[in-house]
Amino acid sequence: MRLLEAVIDANHRALAGDPKAGLHPAEFEAELPLVALTCIDARLNSLLPQVLGVPSEQFVWLRNAGNTVTDPRSGSMRSLALACAVKGGKEIVIIGHTDCQVAKTTTTQLIDRLRALGVQRHLLPDNINEYFGIFSSERQNVIKAAEIVRSSPLIGPKIPVHGLLVDIQTGKVDWLVNGYQTVDTLSARWNEVVRSAGQTVDALKPLTDFNIGEMKFPETKIGEIVTKTQDWLKDKVQQLEIKPPVTPAAGQAPPPKIPLPPPIRPRILTRKGPRPR
Ligand SMILES: [Zn+2]
């Protein structure tokens, strides 16, 4: 079981009333710390990372209003990239939440509220919705953010980028974007490209050997070969660029709805030692 699979499993079991539900962080050393981008909503303060079962010292927590990522090179992207490169984050998760006030605020309301704070409309950017990352669907917003983070040149292809939605009342977590699927697809394609690139280099070798040995091959020819190889590689690399699945694929669908107990804040146990046998 991979980290996020175990997180979802522990969360759903805890909500179903299983007193033994828990995560064993020691089993996931290679997948922690977990880097999370969440909203600024203060109700999340007492919810995370407990409902995930991840120890707080292994939870690199980034926040912005609406857990929004608007651009692959934005300030949030910069922090996500450094969370991985400097703080050792192994996986990224965008965590949206239900009842998000950013989603409930219309452009007109936002302009009115800013005006009440003394901010004048003509000093605001023209593209207010785009600039503030206003959205109406919490789910779509998470999916979009995960897609932008996945496509960002600042995030290496081996870092899974997930999307979750947490119920602010119950702490139940839904898995919206499974980042493992994209990483698996990417690495499979990468291996394929590396393999065929190796074959091409082998095929070119006699030509370059001949040139070096005989000194009869005009230099321009070599340049042509190199350019063609670069074009071919560029073409192959472009084929690698894929988008993460926007909906959970078959077999990865979120588990069926569990009848939920009255609102609780599940505390998922964090055990230091290995799982008892
Ligand atoms: Zn929010």
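A residue is called buried here if its relative accessible area is under 20%, and exposed if that area is over 50%. The structure described is a predicted model.

The model contains an open sheet of 5 strands in the order 3-2-4-5-6, with mixed pairing. The edges of this sheet are formed by strand 3 (59-63) and strand 6 (173-177), each of which pairs on one side only. On average, neighbouring strands of the sheet are turned by 30° against each other, direction ignored.

Strand 2 (residues 34-38) runs parallel to strand 3 and is joined to it by 5 bridges. Within strand 3, arginine 63 is the bridge partner of threonine 38. Strand 2 also pairs with strand 4 in the parallel sense, over 5 bridges, and here alanine 36 stands opposite valine 93 of strand 4. Strand 4 in turn runs parallel to strand 5, with 6 bridges between them. Valine 93 has histidine 162 as its bridge partner in strand 5.

Strand 4 is mostly covered, with 7 of its 7 residues buried. The covering applies to both faces: Glu91, Val93, Ile95 and His97 are buried on one side, and Ile92, Ile94 and Gly96 on the other.

Helix 6 (residues 138-151) lies across strand 4, strand 5 (161-166) and strand 6, and runs at about 165° to strand 5.

In helix 2, the buried residues are Ser76, Met77, Leu80, Ala81, Ala83 and Cys84. Viewed down the helix axis, these residues fall within an arc of 155°, so they line one face of helix 2. Arg78 and Ala85, on the other side of helix 2, are exposed. The elements that cover the buried residues of helix 2 include strand 2, strand 3, strand 4 and helix 6.

In soluble globular proteins, nonpolar side chains tend to be buried together. In the present model, the largest nonpolar core has 30 residues, and Leu3, Leu34, Leu52, Val54, Phe59, Ile95 and Leu164 are those with the most contacts inside it. At least two residues of this core come from each of helix 1 (3-15), strand 2, strand 4, helix 3 (101-104), strand 5 and strand 6. Helix 1 gives the most to the core, with 5 residues. Leaving aside neighbours within four places in sequence, leucine 164 is in contact with residues including Leu4, Ile8 and Leu52, with Val93, Ile94, Ile95 and Gly96, and with Val142, Val173, Asp174, Trp175 and Leu176. Apart from this core lies another, of 24 residues, and among them are Leu80, Ile92, Val142 and Ile143.

The model also includes a zinc ion, whose protein donors are Cys39 (SG), His97 (NE2) and Cys100 (SG). These donors lie 2.0 to 2.3 Å from the zinc ion. The spacing of the donor residues in sequence is C-x57-H-x2-C. Histidine 97 and cysteine 100 are buried.

Conventions: Residues numbered from 1 in each chain as written. Predicted model: local features only at pLDDT ≥ 70, side-chain atom pairs only at ≥ 80, totals over all residues. Heavy atoms only, no water. Pairing = 2+ DSSP bridges. Helix = DSSP H or I, 4+ residues; strand = E, 2+ residues; numbered from the N terminus. Axes fitted to C-alpha atoms, helices over the stretch in contact; angles between N-to-C directions. Contact = heavy atoms within 4.5 Å. Donors = N, O, S within 2.8 Å, 3.2 Å for Na, K, Ca; no water. Buried < 20%, exposed > 50% of the residue type's maximum accessible area, 1.4 Å probe, protein only. Arc of directions from axis to C-beta. Core = buried A, V, L, I, M, F, W, Y, C linked by side-chain atoms within 4.5 Å.
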